[in-house]
Amino acid sequence: MIASRFWFGVLGLALAFAVLVLELAVSMHDRLGMRMVSEGLLADSRVVSWYLRNEAREDAAQLIRFAANDSVARALASASRATDPSEIDGATRRQLKATLSKIAAEMPKADSFDAIFAVAQSGEVLAHIGFDQAINSPDFELGGYPVVADALHGYVRDDTLMFDRLYRVVARPVEFELGQLPAGAIVGAHVIDDAFAAELAERTSAAVAFYAAGKRLAAGMPSGVDHEGLDQLVTDLPSLDGDQSYKDKGRSEVHELADGMAVVYARLPGEAWQLGAGYAVARQGYKIAGLTGVLSRADSKDKDAVNTLRLVAIALGAIGIGLLLSFWEYNSPLGRFRRQVKALSGGQATRFAAERLRAPFRQLGLDLNLALDRIARAGGGDEAPISIGFEQMFGDATAQPSMSAFGVPPSAPPSAANPVEASPMPGSAQAQPASPPRRPPRAAAQPAAPAPIAPVSIAPDPPLDPAFTASYSGGTVVGLGSFSSGAGGDGGYPNGSNAADTAGAGSGVSTTADEGVNGAREVDPEWTQVYQDFVRIKQDCGEAVEGFTFERFTQTLRKNRDTLMREHGVQHVQFSAYVKQGRAALKAKPVRQ
Amino acid sequence: MTASGKPLRHWIGAILGTFVAFAPGHADATDVKGRVVGFEHLRNPMWVAAKDPERHGYSFREPVTTVPAAMRKLFPQVSKEICVVALAAAPKAAGKAVSVRVSGGRTTPVTLVVTPGTELRFKNADPFDHRLYGINMTTFPASNTAKGAIRRWTPQEAGRYELRDELAPSLAMWVVAEPTAAAVAMPSNDGRFTIELDEPGQYTLQAYFAGEPVGRPLPVNVERRDVDVSSKPLVLATKPPVEDNTP
C-alpha cells in the first residue's frame with residue numbers, strides 16, 4: 001500500500017506541476033500576445049498619422065489646380081479690392097462656383113474633395129461647392145480660422161476643423177499678382193465620416209475610429225475584421241482624462257477593452273486637438289483567458305502540433321506503473337503467507353511467524369496461532385470457538401498499559417517486605433510474569449496449590465463496556481473460563497472443579513478470588529487458562545508481560561464479572577482471550593442458566 | 001463685378017446718395033474722418049498662437065515662396081479687428097444695440113468698444129452651432145447659439161471682457177466697456193475710417209486691437225462741421241513684433 005500511495009502522490013504532484021506549467025504558459029502567452037498587439041497598435045497609430053499627414057500634403061498639391069486657375073485668381077482679386085463684400089455681385093460668385101465645379105469634375109475621384117471654398121482676402125467665402133449647408137448663409141466666411149488666415153498670408157497648411165461635422169482641411173493661397181498679398185485662398189475639405197475611415201482603413205490595414213466630444217463619429221475596419229468592437233470606444237473615452245501620455249504626447253498607452261480588444265488613442269492635429277477630437281486604432285488581443293481557453297481556442301494547426309504518441313505513452317506508463325505496484329503489493333504479502341502455510345503444512349514450522357507478515361496477514365497469523373493452540377489443548381478435537389459477539393471488555397485497557405490492570409506496572413517492583421509476593425512462580429524466571437496456578441488435572445485438582453502471585457501496582461480498572469448482547473449460542477467455548485456466583489458450588493464449572501478448590505491452589509496469601517476458605521478470595525479455575533491464553537497472546541503480539549500478575553488479572557475479572565452479573569442478572573460470565581487489532585484483549589459473556 | 005458695371009444700379013445709388021445728403025436726417029451729426037497706419041505690424045494673437053507647433057494645430061505648415069516674406073505675416077484683418085473709438089470728456093449714456101456677426105471662426109468686429117449698458121446682439125451666421133462664453137464671467141456663461149439665432153448680452157460695468165467659443169477654439173472677441181466712448185468706427189481695408197459724432201466737443205481718437213488700446217491717442221476738436229484728420233493718422237505700430245523672427 002505504501003508504494004501505491006507514493007505513486008498516487010507522484011501522480012498528484014505531476015498533475016499539479018502540469019497545471020502550474022499550463023497556467024504559466026497561458027500567462028506568458030497572454031502577456032506576449034498583448035505586447036505584440038501593443039506594438040502593432042503603436043505602429044498602426046503612427047501609420048494612420050503618417051497617412052493623414054501625407055494625405056494632407058497630397059490634397060495641398062491638388063489644390064494647385066484651383067489656385068493656379070486664372071479665373072479663380074481673377075475673381076478673388078476683384079472681390080478683394082471691394083471695400084464691402086456686398087459690393088461683390090452675384091454673377092461673379094456664380095462664375096467662380098462654376099469654375100470650381102469644373103475643376104473638381106476634372107479631378108480623379110480618388111483625389112477629389114468633399115467641399116471646396118474660395119475665400120477672399122477679407123475672409124468672405126466667395127463661392128463654395130459641396131457645402132450646401134451654407135447656401136443660405138450669405139455672410140458665411142472662414143477668415144477667422146488659423147488655417148485660412150495662414151493661407152491668406154502666404155502659407156499652405158492643414159487643419160482639422162469641427163463644423164457641423166469633423167473636417168480634414170487644407171488651404172493654400174491664391175496669387176493674382178506676384179509680389180503682392182495673395183488675392184485669396186482656396187480651401188479643400190474632407191468630411192471625416194465612415195467612408196473616409198473605411199478608405200483609410202483599407203489603405204493602412206488598421207481598424208480606425210474617429211471621435212470628438214465623447215462621441216464616436218466614424219469608424220472603418222479592414223476587410224474581414226469585425227466592426228462591433230469599436231463601439232466600446234465611447235465607454236472608454238473618459239479614461240483618457242487620466243492618460244498622461246495622451247495629454248502630453250497626443251498618443252495614449254494601450255487601453256484594453258472588453259473581449260480582448262486593445263486600443264491606442266491619438267489626437268487629431270489641428271484645431272480639433274483642443275476639442276478632444278482624435279482617432280483610435282484597435283486590434284483584437286489574443287488572450288487565452290484561462291485553462292479552458294487553451295482547448296477552446298486551439299485550431300487544427302495547434303492540434304496537429306500535439307505529439308499524440310507521447311501523450312499515449314505517458315498515460316500508459318502511468319497506468320502500468322500503478323498496476324504493477326498494486327500487483328506487487330497484493331501478491332508479495334500473500335506469497336509470504338502462502339509460504340508460511342506451506343511450511344506449516346509441511347511440518348517445517350509449528351506456528352505462524354506473525355512478525356514476518358504484514359498487517360492483514362499478521363492478524364490472520366495470530367488468530368491461526370490461537371486456533372492452533374486451542375485445538376492442541378482440546379486434544380485435537382474439532383470443537384470450534386464460538387463467537388459470543390460481545391464488545392471487547394479490556395481492549396482499551398491494553399491500549400493504555402499504564403492505566404490498565406493488564407499493562408506493565410510503571411514503577412512497582414515486587415515488595416521486599418512480603419517474601420511471598422516477591423517469590424517467583426515455580427518454573428518461571430524472575431523476569432517473567434507471575435504465572436497463574438496451572439489448572440490441575442481433573443483427578444488432582446483439589447490438592448494443587450496455586451502459584452505465588454507477584455504484587456502489582458494498583459491502577460484504575462479498565463472500563464467495562466456495558467453494551468453486549470445477551471444471546472448465547474449455547475455451544476462450548478474453547479478456552480473460555482466461566483464463573484459461578486455460587487461460591488463453592490460446582491454448577492458453574494464446566495469441568496466440574498469448584499472455586500474453593502481453585503482458590504486453595506493459590507499461595508493462600510494473595511489469591512484474588514472472592515473471600516473463601518481461610519479468608520482467601522476464590523478464583524475461578526478457568527481463569528487460570530484465560531490468564532495463560534492472555535499472556536501467550538500478549539507475547540505473540542510482541543507486548544510486554546513483565547509484572548503482569550495473575551492476581552491483578554483476577555481482580556479485574558472479578559470486578560467486571562460482578563458488574564455484569566449485577567447489571568444483567570446472570571449467574572455466569574465467561575471470559576476469553578483473543579487478538580484485537582494486533583493486541584491481546586478479553587471478551588466477557590454473561591451466561592444465563 | 002462691382003456696381004460700376006451696372007448702370008441702373010449706379011443711377012439708383014446716385015439718387016439715393018443725393019437724397020441722403022440733403023435730407024435733414026441726423027441733426028447736428030458731425031463726421032470725423034481719419035486713417036490708421038502701421039497695422040501691418042500688429043499680429044493676431046490667436047493666429048500667432050495657432051502656428052506654435054506645441055499646440056499641434058497642423059501636421060504641416062509651409063510658406064509659399066512666391067508670396068513676399070513681408071506679406072507672410074499674420075497681421076490682422078483691419079476692417080474687422082481694429083476698432084477706432086472717439087472718447088468724450090465726460091461719460092456717455094448707453095448707446096443703441098450693436099450687432100455682432102459670428103462666423104468663420106471669429107466675430108465681426110473682433111474688438112468692440114461700447115459704453116456700459118449697451119446691448120450686444122450676437123448673430124450666428126454659420127450653418128452650425130456656436131457656444132460663446134465669457135472668460136471669468138458669470139454674466140455670460142457658455143450657451144448654444146444655433147444657426148441664424150441671436151444671443152444678447154449687455155456689459156453693465158466698465159472693463160475689458162474676453163469672449164470665446166467652446167466649439168471654435170480660435171474664436172476670440174474682446175469687448176471694452178468704456179464710459180466715455182462716444183462713437184466707434186471700423187476702418188476699411190486701406191485703414192480709412194469715419195466716425196459720426198452727435199455732439200460737438202473735445203474728443204480723443206483711440207484705436208483698439210485685441211481688446212487693448214494701440215498707438216497714441218489723437219485729440220480732436222469737433223465743432224459743427226466735419227473734420228478730416230487723415231493727415232495725422234493713428235499710428236498703431238511702428239515696427240514688427242519680436243515674434244516675427246519665427247515664420
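Helices (H or I, at least four residues) and strands (E, at least two) are taken here as DSSP runs, numbered from the N terminus. The structure is a predicted model, in which local features need pLDDT of at least 70 and side-chain atom pairs count only at pLDDT 80 or more, while totals for chains, interfaces and linings use all residues. Residues are numbered from 1 along each chain as its sequence is written, and chains are lettered from A and ligands numbered from 1 in the order in which they are written.

In chain B, B:Pro109 is found in the loop between β5 (106-108) and β6, and the peptide bond that joins B:Thr108 to B:Pro109 is cis, with omega at about 5 degrees. Strand β6 of chain B (111-114) also belongs to an open sheet of five strands, whose order is β6-β12-β11-β8-β9 and whose pairing is mixed; two strands are said to pair if DSSP finds at least two bridges between them. Because β6 and β9 (143-145) each have a single partner strand, they stand at the edges, and one side of each is left without a neighbour in the sheet. From one strand to the next, the twist averages 30 degrees. Within this sheet, β11 (159-165) and β12 (168-177) of chain B run antiparallel and are joined by seven bridges, and B:Leu163 stands opposite B:Met173 of β12(B).

Confidence in chain A was examined through pLDDT, the predictor's confidence in each residue, from 0 to 100. Chain A averages a pLDDT of 76, and 74% of the residues score at least 70. Over residues 380-520 of chain A, however, the pLDDT is below 50, although this stretch has 274 contacts in the model beyond near neighbours in sequence, where two residues are in contact if their C-beta atoms, placed from the backbone, lie within 7 Å.

Helix α1 (residues 2-62) and helix α6 (residues 194-204) of chain A pack at an angle of about 115 degrees, with their axes 10 Å apart; axes are lines fitted to C-alpha atoms, for helices over the stretch in contact, and angles run from 0 to 180 degrees between N-to-C directions. The contact is made by A:Asp44, A:Val47, A:Val48 and A:Tyr51 of α1(A) together with A:Leu200, A:Arg203 and A:Thr204 of α6(A). By class, these residues divide into four nonpolar, one polar and two charged, where Ala, Val, Leu, Ile, Met, Phe, Trp, Tyr, Cys and Pro count as nonpolar, Asp, Glu, Lys and Arg as charged, and the others, Gly among them, as polar.

The contact between the chains takes 50 residues from chain A and 40 residues from chain B. On the side of chain A that touches chain B, the elements that give two or more residues are α1, α5 (146-152), β3 (155-162) and β4 (166-174), and β3(A) gives the most, with six residues. Strand β3(A) is moreover joined by three bridges to strand β2 (residues 61-63) of chain B, the two running antiparallel, and the bridge partner of A:Val156 in β2(B) is B:Glu62.

Two residues that are not glycine, A:Ala213 and B:Asn136, have a positive phi of about 55 degrees. A:Ala213 lies in the loop between β6 (207-212) and β7 (215-220) of chain A, and B:Asn136 in the loop between β8 (130-134) and β9 of chain B. A residue is buried if 20 or more other C-beta atoms lie within 10 Å of its own, exposed if 12 or fewer, and partly exposed in between, with C-beta atoms placed from the backbone. A:Ala213 is therefore partly exposed, with 14 other C-beta atoms within 10 Å, whereas B:Asn136, with 6, is exposed.
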